[in-house]
Amino acid sequence: MKTLSYPAFDYAALLRDIHEEAQALCGQGRVATYIPALAKADPQHFGIAIETLEGGSYSIGNADVPFSIQSMSKVLVLSMVLARIGEALWSRVGREPSGSAFNSLVQLETENGIPRNPLINAGALVTTDALLSHCPDALTELLAFVRQVSGNPGIAFSEEIARSERESGYRNMALANFIRSFGNIHNEVDAVLDAYFHQCSLMLDCRDVARAFLFLANAGINPGDSVRLLEPVRARRVNALMISCGFYDQSGEFAFSVGLPGKSGVGGGIVALVPGQLSICVWSPGLNAFGNSLVGLKVLELFTRRTGMSIF
């Protein structure tokens, strides 16, 4: 993995400046309501955290308020699956941007049940199915993994949010059954959906998320315990997927305006990585029309503009 080198920054001062400038956007986006439990989020909440590979930890605002990471979990599950089955995954899911909404069924019909990439809902259902096939107790192992990479043994699923997702997740149910009809879901659909809804319900705060993704900025080695979680080539490929597919049908715009690997979730979180340097997480629940945090996108654009930290 390419290591980027930049001069030292006063990250505390940088976060104060960016937080102040982006604060004006709070409340302008719309909190996700299609999952009823997410509608309870306070649109004024706004936190940022940075974790560096040198051990620096910086945060501001509501960075210590746990939130549902939703689709950000797709990257963590993908990493677990790649560590177990490697290249075999790519016979079941593609690596191309979808150009469609994150929960679209349109392409599956013409592409024979092979989702475009693992970061849209259809692809994540396939990777979750693969995790179930290779882990005797997938949710327990997922929780242990997230606790390991975040360094927080108190992280848990939100049963309220998982239940709310199940009660309102008709499109995900349709996706899973449709993929199953092509033979690309191997476990019982209900078990796959239960695992998927639980992974999306994981509750982390900004600092937890920034630490949890830091192994992907470190060529697959978890800085917290120096354990290699992914081979360097696979960590690099996860980062490549985040750059091309991490923001649904706004991924091209994110690459253009920010230029870092990253992943968003409809809980309002966004994480981005500077390989060899750091991980940054922003949380603000108000979303734009594409399902990405309005404030989060602005923060990361300001961050790369002021630091020059871009992979391009």
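Predicted model: local features only at pLDDT ≥ 70, side-chain atom pairs only at ≥ 80, totals over all residues.

Visitor: At what angle do the axes of H2 and H4 cross?

Guide: First, helices (H or I, at least four residues) and strands (E, at least two) are DSSP runs, numbered from the N terminus. Axes are lines fitted to C-alpha atoms, for helices over the stretch in contact, and angles run from 0 to 180 degrees between N-to-C directions. Here, helix H2 (residues 73–85) and helix H4 (residues 121–134) have axes that cross at roughly 45° and come within 9 Å. That makes H2 oblique to H4; angles under 35 degrees count as roughly parallel, over 145 as roughly antiparallel, 65 to 115 as roughly perpendicular and the rest as oblique.

Visitor: Is the crossing of H2 and H4 left-handed or right-handed?

Guide: A crossing is left-handed if the near helix is turned anticlockwise from the far one by less than a right angle, and right-handed if clockwise. H2 passes H4 in a left-handed crossing.

Visitor: Which residues of H2 and H4 meet?

Guide: Contact means heavy atoms within 4.5 Å. From H2, Lys74, Val77, Leu78, Met80, Val81, Arg84 and Ile85 meet Asn121, Ala124, Thr127, Thr128, Ala130, Leu131 and His134 of H4. These contact residues of H2 and H4 divide into 8 nonpolar, 4 polar and 2 charged, where Ala, Val, Leu, Ile, Met, Phe, Trp, Tyr, Cys and Pro count as nonpolar, Asp, Glu, Lys and Arg as charged, and the others, Gly among them, as polar.

Visitor: How do H7 and H8 cross?

Guide: Helix H7 (residues 170–181) and helix H8 (residues 189–200) cross at roughly 135°, with axes that come within 10 Å. That makes H7 oblique to H8. The crossing of H7 and H8 is right-handed. H7 brings Asn172, Met173, Ala176, Asn177 and Arg180 to the contact, and H8 brings Val189, Leu193, Tyr196 and Phe197.

Visitor: Is Ser79 buried or exposed?

Guide: Buried means under 20% relative accessible area, exposed over 50%, partly exposed in between (1.4 Å probe, protein chains only). Ser79 lies in helix H2 and is buried, with a relative accessible area of 1%. Leaving aside neighbours within four places in sequence, Ser79 is in contact with Phe215, Leu216, Leu230 and Val238.

Visitor: And which residues of H6 are buried?

Guide: In helix H6 (residues 159–168), they are Ile161, Ala162, Ser164 and Glu165. They cover an arc of only 160° around the axis, which puts them on the same side of H6; the arc is that of the directions from the helix axis to the C-beta atoms. The buried residues of H6 pack against strand E3 (67–68), H8 and strand E5 (202–204).

Visitor: Finally, what is the phi of Tyr248?

Guide: Phi of Tyr248 is near 55°, a positive value in a residue other than glycine. Tyr248 sits in the loop between helix H10 (232–245) and helix H11 (251–257), and counts as buried at 6% relative accessibility.

Technical notes. Residues numbered from 1 in each chain as written. Heavy atoms only, no water.
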